[in-house]
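Biologist: Could you take me through this structure feature by feature, giving the general idea and then the case at hand?

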Amino acid sequence: MFDIEVVFSEGLYDSSPNVWGRLVQQLNDFKEFEVIDGFTGKKMLFGEVLRYLKQNKRKSFFVELAGGSIEFSLVADKELCRLDIKNLANSLEMAHSLIAALIDEPAFVQARVYDAEYDRWQNAENITLFEAANVEHSHLPKKSNGLPFPLTQEVVDISNNPGRWVLRKGYIEAVGSPMWVSKSLLNSLDVDEKELMNVDCFSVENLGSVLKIVACEQCFTADVGIQAERQVMLRKILFKA
Amino acid sequence: MADLNLIKDIVEYGSPKAREAVQNLINSNFEFQEMLATATTEHTVGDMVDTLKAKWNLSDAQAQEITNDLKVALSVGLGTAAGALAYKRAIASGKKQPQPSIPDLMPEGGKNVWDLEPRARGRQIESTLTDTDYKDWARTDNLINPKTGPPFKSNNFPVIDFQLENNVVNLKTIDTRGKGWSYDMRTHIDTLQSSKITVDGIPATKILDIRVQPGGLADSSKLIEYGKQRNITVIIKEFGG
């Protein structure tokens, strides 16, 4: 499965039905499916979701369908909206078509396709996650979470993981392959577009107000070797990190 | 006259906040739960009051008072403080004798706190943690919200329970053996993430401290990742046992 993360500016929060509307055509395969509102447990048909969102003046949504989910929400402190499509796109083509339906939205900031398992463990800090999944963590670097008692916990230090993501004001510091970045974000990050276009090992496509970057033939799934190098390079160019 | 369907709609279609408010009422008012269970589409406020009148042997004056208050509750929406208050008044005014809808805060001799109904359980655990884990934190019930004025019960900072420096904590208890908790927690995290909370003008670190029953850690661990994606630090610990 290919998971998808899309970031919009926070102004889109008032238009969540429009976001859903953009996705509907791409999700035609699921039109006969029953879905569940992940906030209430209410069941409905896929075709009823748009009316349901409008009728209830929903800003956030969490729609569970076919073992996956489509989640849209505001991260207020970071001044961004995020759309997460999890465990639904079974091909890179489908992921592409979903993102293609969104990139002409004026509030679009960035998007990426990623491998869910790789992303999960690259970003897992809380030891409970490892223990709940019976995953060994003793070899991983640790640090304090920095919170006062009674919330102090030792967590995994992910600050050097090539696949880490960090919520920033207005965007997410994350890399993916493929990924899409708006030129307005590139401008605000002071990224030299030409430098990006000239990286030999990246394929960069100009889509107008958005650049599509392919840094690896497949989604990143490893934190070593050539894949790690590509992730580090891409992060450095885009986020100076 | 308002239709009982309005209440059911609030439960099924309402905003997360409204749903949470009604869910709290359902949890704490056996009478209300019973009414919902037996309600049909033909029921109106009048029918509901007739049922209550017969059940509690009310006078006409008492019945009229309940009718008025329920109308207020329905017209302004049970999700609002005024609506919830009106509903509570309606229920309270109909009681001939004090109803044991909210159990004593202290569990009966030998009774496990996890055997209490959810609201009483939450109060019991919060009370215990206020005197222990959070004894050095400010309890927000005692703070003054400049927007709402002096503290009144717990409505001055509805989504925060404790504050220390730039950290604000919302405390929740979950019995993962029950149903619907994942929906409730997603709704709750959505409320937290879409709220801008600042301390001295600086965005606060929002922490959701969840206490689960012994053995409930693994089931609830997915909320850690869910919260992290939304800039909410989720800490889960077992309580008791």
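Modeller: Let us begin with contacts: two residues are in contact if their C-beta atoms, placed from the backbone, lie within 7 Å. In chain B, residues 24 or more positions apart account for 58% of the contacts with a separation of 6 or more. This is a predicted model, in which local features need pLDDT of at least 70 and side-chain atom pairs count only at pLDDT 80 or more, whereas totals for chains, interfaces and linings use all residues. Residues are numbered from 1 along each chain as its sequence is written, while chains are lettered from A and ligands numbered from 1 in the order in which they are written.

Biologist: How many helices and strands does chain B have, and what share of its residues is buried?

Modeller: Helices (H or I, at least four residues) and strands (E, at least two) are DSSP runs, numbered from the N terminus, and chain B has 10 helices and seven strands. A residue is buried if 20 or more other C-beta atoms lie within 10 Å of its own, exposed if 12 or fewer, and partly exposed in between, with C-beta atoms placed from the backbone; buried residues make up 35% of the 241 residues in chain B.

Biologist: How many residues does each chain give to the contact between chain A and chain B?

Modeller: Chain B contributes 32 residues and chain A contributes 26 residues. On the side of chain B that touches chain A, the elements giving two or more residues include α1 (4-13), α2 (16-28) and α8 (181-193) of chain B, and α8(B) gives the most, with five residues. By class, that side of chain B has 12 nonpolar, 11 polar and nine charged residues, where Ala, Val, Leu, Ile, Met, Phe, Trp, Tyr, Cys and Pro count as nonpolar, Asp, Glu, Lys and Arg as charged, and the others, Gly among them, as polar.

Biologist: Which residues of helix α1 of chain A are buried?

Modeller: An α-helix has 3.6 residues a turn, so residues three or four places apart point the same way. In α1 (residues 16-24) of chain A, the buried residues are A:Ser16, A:Pro17, A:Val19, A:Trp20 and A:Leu23. They lie on the same side of α1(A), because they cover an arc of only 155 degrees around the axis, the arc being that of the directions from the helix axis to the C-beta atoms. Their cover includes α2 (49-55), β5 (68-75) and β6 (80-89) of chain A.

Biologist: With which strands does β6(A) pair?

Modeller: Two strands pair if DSSP finds at least two bridges between them. Strand β1 (residues 2-9) of chain A pairs with β6(A) in the antiparallel sense over seven bridges, with A:Phe2 opposite A:Ala89. β5(A) and β6(A) also pair in the antiparallel sense over seven bridges, and A:Glu71 has A:Asp84 of β6(A) as its bridge partner. The hairpin of β5(A) and β6(A) has four residues between the strands, and A:Glu79 takes a positive phi near 55 degrees there. Seven of the 10 residues of β6(A) are buried, so that the strand is mostly covered.

Biologist: Where is A:Val175 found, and is A:Val175 buried or exposed?

Modeller: A:Val175 is in the loop between β11 (171-173) and β12 (179-182) of chain A, and A:Val175 counts as buried because 27 other C-beta atoms are within 10 Å. Leaving aside neighbours within four places in sequence, A:Val175 is in contact with A:Gln231, A:Leu234 and A:Arg235. A:Val175 and A:Leu234 are 59 residues apart in sequence, yet 6.8 Å apart in space, C-alpha to C-alpha.
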